[in-house]
Amino acid sequence: MDTYVYELDDNLYINLTNRCSNNCSFCVRNGHEGYFGNKLWLQKEPSAEDVLSAIDYGKKYRQVVFCGFGEPTERADVLVEIARELKRRGYVTRINTNGQGNLINKRDIVPDLKGKIDLVNVSLNASSAEKYQPICRSMFGENGFAALVEFARLCKRNGVGCRFSVVDCVGEEEVAACKRVAEGVGVPLYVRKYITDS
């Protein structure tokens, strides 16, 4: 049975795809079937209806987060359809993304997110394309890094809440360099703990 939605820390997470334009060396899915007891490898990608019918609307969630074993913007149209309904029902929505959605979809998807997504969390992971590509291994090469920085810039310009995130295991010097990248775009940087338990 595929897991389309799962709960963690008062949030509801939506798992749309296995596909991802990155092959990050540190990704939690490397060698794992799931995340905190939730099996997330999908046999079939869900429709918007599959996901919406799997949600328990009687429960209160801090946020509904598009984040599974793949990159949620690989399914941008389905994501937007689900988010539209969630916003209609009064939920706070977030996307955890590698920021390459415009390259993946070959168009600017940011205007589609406006009014439907409250926060776009872009995984920065490094302070430059040269440092990013060896660890995140984007199918777009070093363009992947430029695209994610531009994605955050477009979110800010379109009035879509946005932040960069970086994992604390990159070291203080790299975190400081990432902060400078974030300041250059005008979005905040969230430094999160590296999670090893899955």
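1. R163 and Y190. In this predicted model, R163 lies over the face of Y190. The distance to the ring centre is 4.2 Å.

2. R89 and Y57. A charge also sits over a ring here: the charged end of R89 is placed over Y57. From the centre of the Y57 ring it is 3.7 Å away.

3. Main core. The largest nonpolar core has 52 residues. I14, F66, I82, V120 and F164 have the most contacts inside it. As background, nonpolar side chains in soluble globular proteins tend to be buried together.

4. I82 and the second core. Neighbours within four places in sequence aside, I82 is in contact with I14, L16, A48, V51, L52 and F66. Two of these partners, I14 and F66, are also named among the residues with the most contacts in the core. There is a second, separate core of 8 residues. Its members include L8, Y13, V65 and C67.

5. Aromatic pairs. The structure holds 4 of them. One is W41 with F69: the ring centres are 5.0 Å apart and the planes stand at 70 degrees. Edge-to-face requires over 60 degrees, so the W41 and F69 pair is edge-to-face.

6. What W41 and F69 connect. W41 is in the loop between β4 (38-39) and α1 (48-54). F69 is in the loop between β5 (64-66) and α2 (76-88). The pair therefore ties together parts that are 28 residues apart in sequence.

7. Y132 and F145. This is another aromatic pair, with ring centres 5.6 Å apart and planes at 55 degrees, so it is tilted. Y132 belongs to helix α5, and F145 to helix α6 (residues 143-157). The pair thus ties together parts that are 13 residues apart in sequence. Both Y132 and F145 are buried.

8. S127. Where does S127 lie? It is in the loop between β7 (119-123) and α5 (129-136). Is S127 buried or exposed? The cut-off for buried is under 20% relative accessible area; S127 has 17%, so S127 counts as buried.

9. Partners of S127. Which residues are in contact with S127, leaving aside neighbours within four places in sequence? They are F145, E174, A177, C178 and V181. F145 links this point to point 7, as F145 also pairs with Y132.

Technical notes:
Residues are numbered from 1 along each chain as its sequence is written. This is a predicted model: local features need pLDDT of at least 70, side-chain atom pairs count only at pLDDT 80 or more; totals for chains, interfaces and linings use all residues. Side-chain values use heavy atoms; hydrogens and water are left out. Helices (H or I, at least four residues) and strands (E, at least two) are DSSP runs, numbered from the N terminus. Buried means under 20% relative accessible area, exposed over 50%, partly exposed in between (1.4 Å probe, protein chains only). Contact means heavy atoms within 4.5 Å. A nonpolar core is a set of buried Ala, Val, Leu, Ile, Met, Phe, Trp, Tyr and Cys residues joined through side-chain atoms within 4.5 Å. Rings of Phe, Tyr and Trp (its six-membered ring) pair if their centres lie within 6.5 Å; planes under 30 degrees apart count as stacked, over 60 as edge-to-face and the rest as tilted. A charge sits over a ring if NZ of Lys or CZ of Arg is within 6 Å of the ring centre and within 35 degrees of the ring normal.
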